[in-house]
Amino acid sequence: MTSKINSQMLKGILSGSILLLLDQEELYGYKLSEALTEFGFTDIPKGTIYPLLLSLEKKELIKGTLRASDTGPKRKYYSLTEAGIIEKNEFTVQWNKLKKSVDHLIEGSDEDEKK
């Protein structure tokens, strides 16, 4: 069994997770990466986050604002747009439906294994 998560599935989950995090506060790329790690996304290469941010920004789901940093060059802080809030809400609804279905399948599989 491979420990790698399907990349297309991961991109969708990460995009939704980024929207959820940005709904709580404005973050820049590295802080987003750290926040994802804190929530258990430990095997995500740091370079994965930036293309997703670019994609979300092109879709106008998030917007970036450059701000000065005390410790180096300017940082680009991201926040949700109105379209991003709608997308985040839709992600949450879809995730809950999928999670419930997959949990049900796994529990059913566990019952089959016990027989």
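Predicted model: local features only at pLDDT ≥ 70, side-chain atom pairs only at ≥ 80, totals over all residues.
Tutor: Ser79 is found in strand S3, residues 75-80.

Student: Why is Ser79 called buried?

Tutor: The relative accessible area of Ser79 is 9%. Buried means under 20%, so Ser79, at 9%, is buried.

Student: What makes up the largest nonpolar core, and which residues have the most contacts inside it?

Tutor: The largest nonpolar core has 19 residues, and those with the most contacts inside it are Ile18, Leu22, Leu32, Ile49, Leu53 and Ile62. Helix H1 (7-24), helix H2 (29-38), helix H3 (49-58) and S3 each supply at least two residues of this core. H1 gives the most, with 6 residues.

Student: What does Ile18 touch, not counting residues up to four places away in sequence?

Tutor: Ile18 touches Leu32, Leu36, Ile49, Leu52, Leu53 and Leu56. Contact means heavy atoms within 4.5 Å.

Student: Which residues of H2 are buried, and how do you know that they line one face of the helix?

Tutor: Gly29, Leu32, Ser33, Ala35 and Leu36 are buried in H2. Seen down the axis of H2, the buried residues fall within an arc of 160°, so they line one face of the helix. An α-helix has 3.6 residues a turn, so residues three or four places apart point the same way.

Student: What covers the buried residues of H2?

Tutor: The cover includes H1, strand S1 (27-28), H3 and S3.

Conventions: Residues numbered from 1 in each chain as written. Heavy atoms only, no water. Helix = DSSP H or I, 4+ residues; strand = E, 2+ residues; numbered from the N terminus. Buried < 20%, exposed > 50% of the residue type's maximum accessible area, 1.4 Å probe, protein only. Core = buried A, V, L, I, M, F, W, Y, C linked by side-chain atoms within 4.5 Å. Arc of directions from axis to C-beta.
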